[in-house]
Amino acid sequence: MSQSDSQRSSIIQALGSAAKVFASQKAYLRLLRSIKFLLGAVLAMSLVDLLLHLNAILRAIQLASFLGVIILLLVLAIVKIVWRRPGLEKTARDLEDRDHELGSRLTNVLQLHAQANDPQAAPLTRELAEHAVRESGAQVNPSTLSSLARFPGMRREVKLALAFLGGFLVLVLLLGKPAHRQLARLVDPFGDHPPISFSWLDVTKPVEDGIEVVYGESASVEVKVTGHQLKDVILSVAPSDSSRPPRTLSMAAIDKETFVVLLDDIREPLTIFAHSKNERSRSQRREIAVELVPQLVGADLEIIPPAYTGLPPRKQEFRFAGLQALEGSTLNFMLRSNRPLGAGRLTATLRDENTSQQIVPLTPKDDELYVALATLVVAESGQLSFDFRDVDDRQPYSIPTAALTVSRDLSPAIIIISPGEDSFIVEDHEFEFTVSTSDDYGIRKVRTFLAVNGVTREPVERSFEGVGPRNEIFEQQLSLSQLEVEPGDIITLSAEVIDNCPTPHLSRTEVRRLEVISTEQYNEYLRKLTDVAEISGKYEDLLNRFEELVKEQIALAENGASPEEQESLNQRLEQIAKEMEDFGRDEPVYDFEKDLQQKLDDMANEIQQSVVQNREDVKAGKKEAAQEHADRLDQQQQKGEEQVREPLEDLAALHELIKDFNEFQALHESQKELVEQTRRFEEMKELNVQDRMSLQQLAPRQRDIASALENLEEKLEHHAELAEEKFPKAAQSARDLADAIDQGSFAGLGRQSSQSMVSADGQSSHQRASNLEEEMAKLIGQCKGGTGQCESEGFDRYLSVPGNNPGNSFSQMMQSLKFTPFGSSGGSGSGMSGSMATGGQPGQSPALMGGESMMPGAIAGRMAGGKGLGTGPGTGGPIAKVDRNSGSDEPFTSTRKTETPESQAILREYEDLTEAYFRTLTKP
């Protein structure tokens, strides 16, 4: 190629490149200038949506149009750059316009180039054109044409476009959340972007999407309102899969900004959002997920006890805690789940010898998909496991379990109530053999057995049909005369009971033994254990009740008695008259009671006669009938006081003197025994540990004798005062004995002896005990003389009434061993309530059955120096509860004082002081 051809080609290529630059510059310029219009379009669309709250479709159309405009601008720019480039001549003229130095060289080059390449032109013309091209091309630099084609104001256009974009971003940042939400609405028309309004609604609970709610349970939704306050907030709830249209719920206002609503029974994933009533304001959506794993929402249990128990079925709420049921019971479980249930199983791991398992099906209930049932018959204790599943075979996170404890039917219980213990029983007595039975589920049969001298009689049975009672008292009236027993015979009583268990249990009582004694033996026992004062109580009670009826009759006479009131009182008078006729026993404890019984029988006849006379007077309409009846009854009541109560009180006072003299002799015998027990310590200079302990244990007995002597002195004075009027000689003998006890300082001597025993001083202990015994022995004659005075000064004459004989009453009264501490109506020691008495085991009394009533009353209270009718133990010492050796569960009382090392140490510490104190007391 020639040099001219190369130069011409370079200029034409440079013009082509410049044309390309021209096209791209114009395209870029158009794009940059369209930015402000596009931003304006965004603001316009936002304003339209802000005012009209366009729906998603309209916003999608807006977005599509906006994007279409952008795409169109881009397409036009590409077309402009690629296909719409300006021609070489147009480019040359534009370049010549921009650079005047070029003149028309570029245009001339193009024209001359065309002529030089025109085949129809003459050769000379082509050569001239070629020559002109070389000259013009030499004056043009092709490399400058592309830079000359660039738009000089492009940088300013870029800055202006960036300024518009920057201003838009600043506006978005300044507007904050509303601008972000609005842009999101434009960019994502079908997204969850609520429109901007004066009231902003935010779902604050649940706090985020996807929070799981247990299937079938409830969830609380809370919405916060800011900006303009709303009166009504509506919650739209729809399935997440849009299978159903949304439903709306009105939310309750907690305060001005907070609204809540409870979604019940959630069984599928939900989409929720809150909005105002006019739907101008709306919150973002929340997705609520559902946990499909089955869970128990409750369980019920029906326990059906075995049929033999007769117990009704019991329904209760089952909490999967410890469960207890009787062996053989049927357990019906009903489990309720939050999900529709499928088949499952109940596994019982039994704690038997082989630790076996029992599996029963856990099946859905036909009419309730959310309920499963299982039935288990219990036989052994163990662990229950409930493996339930839903219809989709989903398992719970954990399988509930419960401990099962199977209880067994216990053996029945049976005890003998009466007789309460082994006893002596009088030959003509009738008594009640009573047993009490009980069982946890029912009694089937009770049998009682009676044997005389080892020969068993035919048992008495009582059977029960059906379930049978749980508690039953079995009573059997027995008469010794019908049993044909004699004194000395031994009657044994026992019983057994069988329960209604399919495998019956049998229980039996201990054997109760009764020894038959004669009436005289019975009375002898009673005479040792009681006294006249205690026997008097039953007479006092009878007379007191008659006195109450007399007072009622007097009141009727004063107030005017109606026939009905009078007849009611007459019937009660007849009842007490009948009681007087039947009062007492054929062979009473004391012979003088026969005379008293005759007095009561006479009173009964006169009372009955007065009742008959009153009825006749009332029938005849006599006005004074009630008053005359009251006068007759009052006379009988006064006669009862004179003929029954007063003699009893006098005899009780005499009996107390007799017992006091006897008690002194008993105390003397006890002191003699104590002297014998201390005799071996007299010659011992030093005592070893065992001997010291032996001697110290005698101290409480010596102290008790001293206390009894001191108490006896008071009793003698008191009883002498009571017996002074009717028995002055005996009373004086009692005073003489009391004075002798006081002058001899017997109580002080006893305490000194007790102190020596506590100090383990063998020689002093024996000497002082012997001294007290010798002083007491000097008074034994005086004591016996006092007893003789009681008998000699007219005892028989006092008891005698025309036609009656006191019999052996005095000798009978002499048998009493009931020595009661003064100031109390109770007793201590042996016998029924004695102190230092002989006969029988200490602290125990033989039980007697013979029908005699012991009822201490006012007379007994006065004899004991008390104020009331008390029947309890005395107050002569601390009371300690001691178990009997027999089978009885009831404790008896003992006044035995206790010795402790502490008390002995204290006595030793103050030994010198106490010795000086007692010496002062005993100084003549």
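## Close-up views of a predicted model

**Figure 1. Strand E18 and the two strands it pairs with here.** Which way does E12 run against E18, parallel or antiparallel? E12 and E18 pair in the parallel sense, over 4 bridges. Ala325 has Val406, in E18, as its bridge partner. Strand E17 (residues 382-387) is also joined to strand E18 (residues 401-407) by 4 bridges, but these two run antiparallel. Two residue pairs to look for are Leu384 with its bridge partner Ala402 in E18, and Gln383 with its bridge partner Ala403 in E18. As a reminder, strands of a sheet pair through backbone hydrogen bonds, either parallel or antiparallel.

**Figure 2. A cluster of four phenylalanines.** Phe318, Phe320, Phe333 and Phe386 come together as one aromatic cluster. Across the structure there are 8 aromatic pairs. One of them is Phe318 with Phe333, a tilted pair at 5.3 Å centre to centre with 55° between the planes. The pair links distant parts of the chain: Phe318 is in the loop between strand E11 (314-317) and strand E12 (323-326), while Phe333 belongs to strand E13 (residues 330-337), and the two are 15 residues apart.

**Figure 3. Two arginines over aromatic faces.** Here are two charge-over-ring views. Arg339 lies over the face of Tyr215, at 4.4 Å from the ring centre. In the other view, Phe273 has Arg282 over its face, at 5.3 Å from the ring centre.

**Figure 4. Strand E22 and its partners.** How many residues of strand E22 (residues 443-452) are buried? The strand is mostly covered, with 7 of its 10 residues buried. Strand E26 (residues 490-499) pairs with E22 in the antiparallel sense over 9 bridges, and Leu450 stands opposite Leu493 in E26. Strand E24 (residues 460-463) also pairs with E22 in the antiparallel sense, over 4 bridges. In that pairing, look for Lys445 opposite Ser463 in E24.

**Figure 5. The hairpin at the end of E22.** Now zoom in on the turn. E22 and E23 make a hairpin with 2 residues between them, and Asn453 in the turn has a positive phi of about 55°. Strand E23 (residues 455-456) pairs with E22 in the antiparallel sense over 2 bridges. Val452 finds its bridge partner in Val455 of E23.

Figure 6. E19 and strand E21 (residues 430-438) pair over 5 bridges in the antiparallel sense, with Ile416 standing opposite Val435 in E21.

**Figure 7. Helix H14 from end to end.** H14 has a kink of about 30°, centred on Glu641.

Figure 8. Ser811 is found in helix H21 (residues 809-814). Ser811 counts as partly exposed because its relative accessibility is 40%, which falls between the 20% limit for buried and the 50% limit for exposed. Along the chain, Ser811 and Tyr590 are 221 residues apart, yet their C-alpha atoms are separated by 9.5 Å.

Definitions and conventions:
Residues are numbered from 1 along each chain as its sequence is written. This is a predicted model: local features need pLDDT of at least 70, side-chain atom pairs count only at pLDDT 80 or more; totals for chains, interfaces and linings use all residues. Side-chain values use heavy atoms; hydrogens and water are left out. Rings of Phe, Tyr and Trp (its six-membered ring) pair if their centres lie within 6.5 Å; planes under 30 degrees apart count as stacked, over 60 as edge-to-face and the rest as tilted. A charge sits over a ring if NZ of Lys or CZ of Arg is within 6 Å of the ring centre and within 35 degrees of the ring normal. Buried means under 20% relative accessible area, exposed over 50%, partly exposed in between (1.4 Å probe, protein chains only). Two strands pair if DSSP finds at least two bridges between them. The bend at a residue is the angle between axes fitted to the seven residues ending there and the seven starting there.
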